[in-house]
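Hello,

Here is the structure I promised to pass on. My notes follow below it.

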Amino acid sequence: MTETNMVFYLHDLFIGKNATAAPLAKRSEEATVIDFGTMVIDDAVTEGSKKNSAQVGRAQGIYVNSTLDRSSTHLAFSIIFTNSKYNGGTLETQGAQTYLLNQREVWIVSGTGTFRLATTPWGHPK
């Protein structure tokens, strides 16, 4: 087994003509992105925290805002790499994410290509 350490950033854009996250199902027309409901995403994945950083792939899938008190989201999405080093490889993520924690983790449950059989927690640093 080979260990690979990476840092990358997902960029959710909820408004504007280039939005990358959109509500699929929600309780009411007035609902915001953190309200109870489902969001579909197609987010840029970049090397750096700035939106104009080099893109290494896309994150595609869903966020399900699964608690009525807005405290947690269930994530299920694929990180599809398009950069030359990992092109075509994917990481599959799934898990609950609690907004109010300083450090949040979601599990990588599988992968394809270079990342076949990948499994590990990933999350925001402290």
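**What the model shows**

The protein chain has eight strands and zero helices. Please keep in mind that this is a predicted model. From the N terminus on, the order of elements is β-β-β-β-β-β-β-β. The protein chain has 126 residues, and buried ones make up 35% of them.

**Strand β3 and its partners**

Start with β3, residues 37–46. This strand is mostly covered, with eight of its 10 residues buried. Strand β1, residues 9–11, runs antiparallel to β3 and is joined to it by three bridges. Within that pairing, L10 stands opposite V45. Strand β4, residues 55–65, also runs antiparallel to β3. Here 10 bridges join the two strands. V40 faces I62 of β4 across this pairing, the two standing opposite each other.

**A nonpolar patch on the surface**

V40 and I62 turn up again on the surface. Together with L24 they form a nonpolar patch there. The accessible area of the three residues together is about 250 Å². L24 comes from strand β2, residues 21–26. Is L24 buried or exposed? L24 counts as exposed, because its relative accessibility is 61% and the cut-off for exposed is over 50%.

**N65 in β4**

N65 also belongs to strand β4. N65 counts as buried, because its relative accessibility is 3% and the cut-off for buried is under 20%. What does the side chain of N65 make a polar contact with? The partner is the side chain of T73, at 2.8 Å.

**The largest nonpolar core**

The largest nonpolar core holds 18 residues. Which of them touch the most other members? They are F77, I79, F81 and L91. The elements giving two or more residues to this core are β3, β4, β5 (72–81) and β7 (105–112). Of these, β5 gives the most, with four residues.

**A backbone point at L117**

L117 sits in the loop between β7 and β8 (120–123). Its phi is near 65 degrees, a positive value in a residue other than glycine. For background, most residues other than glycine have a negative phi. L117 counts as exposed, because its relative accessibility is 62%.

**Where to look**

Then go to the contact between the side chains of N65 and T73. Finish at L117, in the loop between β7 and β8.

Best wishes

Note on methods:
Residues are numbered from 1 along each chain as its sequence is written. This is a predicted model: local features need pLDDT of at least 70, side-chain atom pairs count only at pLDDT 80 or more; totals for chains, interfaces and linings use all residues. Side-chain values use heavy atoms; hydrogens and water are left out. Patches are made of residues with over 30% relative accessible area and no salt bridge: like charges are joined within 9 Å, nonpolar side chains (Val, Leu, Ile, Met, Phe, Trp, Tyr) within 5 Å. Accessible areas come from the Shrake-Rupley method with a 1.4 Å probe; for residues, only the protein chains shown count as cover. A salt bridge is a side-chain nitrogen of Lys or Arg within 4 Å of a carboxyl oxygen of Asp or Glu. Buried means under 20% relative accessible area, exposed over 50%, partly exposed in between (1.4 Å probe, protein chains only). Two strands pair if DSSP finds at least two bridges between them. A polar contact is a pair of N or O atoms within 3.5 Å; within protein, one must be able to donate a hydrogen and the other to accept it, and residues adjacent in sequence count only if both atoms are side-chain atoms. A nonpolar core is a set of buried Ala, Val, Leu, Ile, Met, Phe, Trp, Tyr and Cys residues joined through side-chain atoms within 4.5 Å.
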